[in-house]
Amino acid sequence: MKSPFIACVVFSDYPIKTMAYQRFLSGLGEKCVYSFRSIDLDFTELSRARLVICDMNIMKEFEEAALSKLERTFHTANILFLEEDHSDMRVKFSNQRDICRLGKLAEINVIHSTLKELLLQTNRKPKKNPRHRDAQIEQT
């Protein structure tokens with residue numbers, strides 16, 4: 001039986017970055033990667049994606065709203081959201097998924113290892129005693 005989840009959705013406004021993400025994920029065995037240049041479309045058919053990557057030029061003051069839209073649209077997906085002008089990582093564990101906010105100034109190996117871990121997490125079976133849906137933990 002096939003999984004009801006789509007492998008990955010990539011949002012990037014640079015074609016070369018999009019191709020790099022597709023190639024990287026393909027190298028990890030993912031065959032189905034959807035790519036878009038905007039988050040302002042209707043993604044209802046893709047809402048069950050298991051991994052979402054957002055690497056776009058979004059002004060700092062709009063990053064929170066963009067991430068919030070992705071969280072609502074892809075309610076079960078692990079999310080890697082790249083932010084401008086820093087190299088820190090913040091991770092929020094919520095509703096059996098991970099949401100990583102990583103600065104674009106981070107080293108490429110940090111981005112790659114984070115993507116690998118998020119993808120591994122999507123392949124693991126859910127725990128038998130999940131946290132309450134409203135329970136959230138945030139680490140910095």
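Strand β3 (residues 51-55) is largely enclosed by the rest of the predicted structure, because five of its five residues are buried (under 20% relative accessible area, with exposed meaning over 50% and partly exposed in between; 1.4 Å probe, protein chains only). Strands (E, at least two residues) and helices (H or I, at least four) are DSSP runs numbered from the N terminus. In a regular strand the side chains alternate between the two faces of the sheet. Both faces of β3 are covered, with Leu 51, Ile 53 and Asp 55 buried on one side and Val 52 and Cys 54 buried on the other. The model is a predicted one, in which local features need pLDDT of at least 70 and side-chain atom pairs count only at pLDDT 80 or more, whereas totals for chains, interfaces and linings use all residues. Residues are numbered from 1 along each chain as its sequence is written, and side-chain values use heavy atoms, with hydrogens and water left out.

Strand β1 (residues 8-12) pairs with β3 in the parallel sense over four bridges, pairing being assigned if DSSP finds at least two bridges between two strands. Here Ser 12 has Asp 55 of β3 as its bridge partner. Strand β4 (residues 78-83) also pairs with β3, in the parallel sense and over four bridges, and Asn 78 of β4 is the bridge partner of Leu 51. Between β3 and β4 the chain passes through helix α2 (residues 60-73), and this β-α-β crossover is right-handed, that is, with the strands pointing away from the viewer, the path from the first strand over the helix to the second runs clockwise.

The largest nonpolar core has 19 residues, and those with the most contacts inside it are Phe 11, Val 52, Leu 70, Phe 74 and Phe 81. Such a core is a set of buried Ala, Val, Leu, Ile, Met, Phe, Trp, Tyr and Cys residues joined through side-chain atoms within 4.5 Å. At least two residues of this core come from each of β1, β3, α2 and β4, and α2 gives the most, with three. A second, separate core of 18 residues includes Ala 7, Cys 8, Phe 24 and Leu 80.

In helix α3 (residues 108-123), the buried residues are Ile 111, Thr 114, Leu 115, Leu 118, Leu 119 and Thr 122. Seen down the axis of α3, these buried residues fall within an arc of 130 degrees and therefore line one face of the helix; the arc is that of the directions from the helix axis to the C-beta atoms. Their cover includes β3 and β4.

Conventions: Contact means heavy atoms within 4.5 Å.
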